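Here's a walk through one model, written for someone who would rather look at residues than read a methods section. Have the viewer open and follow along.

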Amino acid sequence: MEIIVNILGLALIIFIIWWFWIAQTKARTATQSGLITVLVKDGVYTPSRIEVQAGEKLTLVFKREDPNPCAEKVVFDQLNLHQDLNLHKDNPLELSNLAPGKYDFNCQMGMYRGQLIVR
Ligand SMILES: [Cu+2]
C-alpha cells in the first residue's frame with residue numbers, strides 16, 4: 001500500500017514539473033503577418049500561452065469549436081476587452097501596440113485560460 005502511495009506521489013511530482021517547466025515553455029510566437037490562431041475547444045485555448053514582442057503587429061484569431069455557452073466570450077481583463085466568439089467561425093481580435101507585460105485572457109467563468117506575454 002505504501003509503495004502505491006509513493007508511486008502516486010512521484011507521478012504527481014513529475015506531472016507538476018512537466019506542467020510548470022516543460023508545458024509552460026511551449027509558447028507560441030507570432031508569424032510575420034502577426035496572425036495567431038487560437039483554437040477554443042474542449043476547455044482549453046490552443047495555444048494557451050502566446051508570446052510576442054512589444055510593437056509587433058498582432059491579431060489573435062479565435063476559432064471557436066466549443067458550442068458550450070461558457071466559450072462564447074473571451075475576456076482580457078487588464079485590457080478591459082470583451083469579445084464575442086461566433087461558433088465555427090474565425091473571430092479576429094486586433095491587439096497591436098500593447099505595452100510589455102502579461103495579459104491574462106479567459107472565458108467569462110474562467111474555465112478557459114490563457115496568457116499573452118508581450119516582451
Ligand atoms: Cu467558461
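## A loop residue to start with

Let's begin with Asn80, which lies in the loop between β6 and β7. The phi of Asn80 is near 55 degrees, a positive value in a residue other than glycine. Is Asn80 buried or exposed? Asn80 counts as exposed because its relative accessibility is 65%. On this scale, buried means under 20% relative accessible area, exposed means over 50%, and partly exposed is in between, using a 1.4 Å probe and protein chains only.

His88 has a phi near 55 degrees too, again positive in a residue that isn't glycine. You'll find His88 in the loop between β7 and β8, and at 55% relative accessibility it counts as exposed.

## What you're looking at

This is a predicted model, so local features need pLDDT of at least 70 and side-chain atom pairs count only at pLDDT 80 or more, while totals for chains, interfaces and linings use all residues. Residues are numbered from 1 along each chain as its sequence is written, and side-chain values use heavy atoms, with hydrogens and water left out.

The chain has one helix and ten strands, and from the N terminus on the order is α-β-β-β-β-β-β-β-β-β-β. Of the 119 residues in the chain, 32% are buried.

## How the strands pair up

Two strands pair if DSSP finds at least two bridges between them. β6 and strand β7 (residues 81–84) run antiparallel, joined by four bridges, with Phe76 opposite Leu81 in β7. The hairpin of β6 and β7 has four residues between the strands, and that's where Asn80 takes its positive phi.

Strand β5 (residues 59–64) is antiparallel to β8, and five bridges join them. In this pair, Thr59 stands opposite Glu94 in β8.

## The nonpolar core

A nonpolar core is a set of buried Ala, Val, Leu, Ile, Met, Phe, Trp, Tyr and Cys residues joined through side-chain atoms within 4.5 Å. The largest one has 23 residues, and Tyr45, Leu60, Phe62, Phe76 and Leu116 have the most contacts inside it. Two or more core residues come from each of β2 (35–41), β4 (49–52), β5, β6, β9 and β10, and β2 gives the most, with three.

Tyr45 itself is found in strand β3 and counts as buried because its relative accessibility is 3%. The C-alpha atoms of Tyr45 and Tyr112 are separated by 6.4 Å, although the two are 67 residues apart along the chain. Leu39, in strand β2, counts as partly exposed at 30% relative accessibility. Its C-alpha is 6.1 Å from that of Arg64, 25 residues away along the chain.

## A cis proline

Thr46 and Pro47 are joined by a cis peptide bond, with omega about -5 degrees. Pro47 is in the loop between β3 (44–46) and β4.
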